Amino acid sequence: MLTRPVFVYTELSPNPNSMKFVLNFELVPDGLSFDYPSLEAALEEGKASPLASDLFQFPHVKRVFIASNFVTITKDDAIAWEEVLRDTKQFIKIYFEENHPIFEQQTIDKNTLIVDERDSDTVQKIKAALDQYVRPAVESDGGAINFHSFNEDSGVVKVLLQGSCSGCPSSTLTLKAGIENLLTRMVPDVKEVVAEGV
């Protein structure tokens, strides 16, 4: 049986506790991402990931985020990356070389991206701006940003920050100085952007 070559390289993220492990192939369909803040979340029906649950066996792993062609791991404060980086990277390489599954089939079946025609014009513009301008930049830092809700009366957009963005010291600055400025310019109905569940 032929096995594909697996290349894994690492990138630092703005969050000093998060490291991005980039692979040479897609892990998740475009626009989808999976955030696992705990082992329980990695085992949750409809969202389960054998890869994430195996990574949680490492004592330093505190959060696993899977998107596009990368896995972002957030580690415990008490340990330095130098102590665990090599073993973590080697584990990921072997995991993929042995063709272990990233997700359970039910997770894949339940999480196909569907455009909601019931979205208002404003919500469609917000989602388009996030996908086109914000998502690529945030993904390059090992995180993701997803639309949560929009309040037509107050003009407040709520977004979910995932991966390295979750708990990152610079995420508030990025949210206010970058994302809020962009959305208020591109979508006049937007007055403020806030992070949900941070």
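**Figure 1. Surroundings of Lys 75.** Beyond its neighbours within four places in sequence, Lys 75 is in contact with Pro 16, Asn 17, His 60, Lys 62, Ala 80 and Trp 81, where contact means heavy atoms within 4.5 Å. The model is predicted: local features need pLDDT of at least 70, side-chain atom pairs count only at pLDDT 80 or more, and totals for chains, interfaces and linings use all residues. Residues are numbered from 1 along each chain as its sequence is written, and side-chain values use heavy atoms, with hydrogens and water left out. Lys 75 belongs to strand β5 (residues 70–75); strands (E, at least two residues) and helices (H or I, at least four) are DSSP runs, numbered from the N terminus. Lys 75 is buried but forms no salt bridge, and the nearest side chain of opposite charge, that of Asp 77, is 5.3 Å away. Buried means under 20% relative accessible area, exposed over 50%, and partly exposed in between (1.4 Å probe, protein chains only). A salt bridge is a side-chain nitrogen of Lys or Arg within 4 Å of a carboxyl oxygen of Asp or Glu; Lys and Arg count as positive and Asp and Glu as negative, while His and the chain ends are not counted. The Lys 75 side chain reaches the backbone oxygen of Ile 79 at 2.7 Å.

**Figure 2. The largest nonpolar core.** This core has 29 residues, and Leu 27, Tyr 36, Val 64, Ile 66 and Phe 96 have the most contacts inside it. β2 (18–23), β3 (33–36), α1 (39–43), α2 (50–55), β4, β5 and α3 each supply at least two of its residues. The largest share, five residues, comes from α3. A nonpolar core is a set of buried Ala, Val, Leu, Ile, Met, Phe, Trp, Tyr and Cys residues joined through side-chain atoms within 4.5 Å.

**Figure 3. Two loop residues with positive phi.** Ser 68, although not a glycine, has a positive phi of about 40°. Ser 68 lies in the loop between β4 (61–67) and β5, and counts as buried because its relative accessibility is 14%. Asn 99, also not a glycine, has a positive phi of about 55°. Asn 99 is located in the loop between α3 (81–97) and α4 (105–110) and is partly exposed, with a relative accessible area of 41%.

**Figure 4. Lys 127 in helix α5.** Helix α5 (residues 121–140) contains Lys 127, which is partly exposed at 28% relative accessible area. Not counting residues up to four places away in sequence, Lys 127 touches Asp 119 and Phe 147.

Technical notes. Polar contact = N/O pair within 3.5 Å; in protein donor to acceptor, adjacent residues only side chain to side chain.
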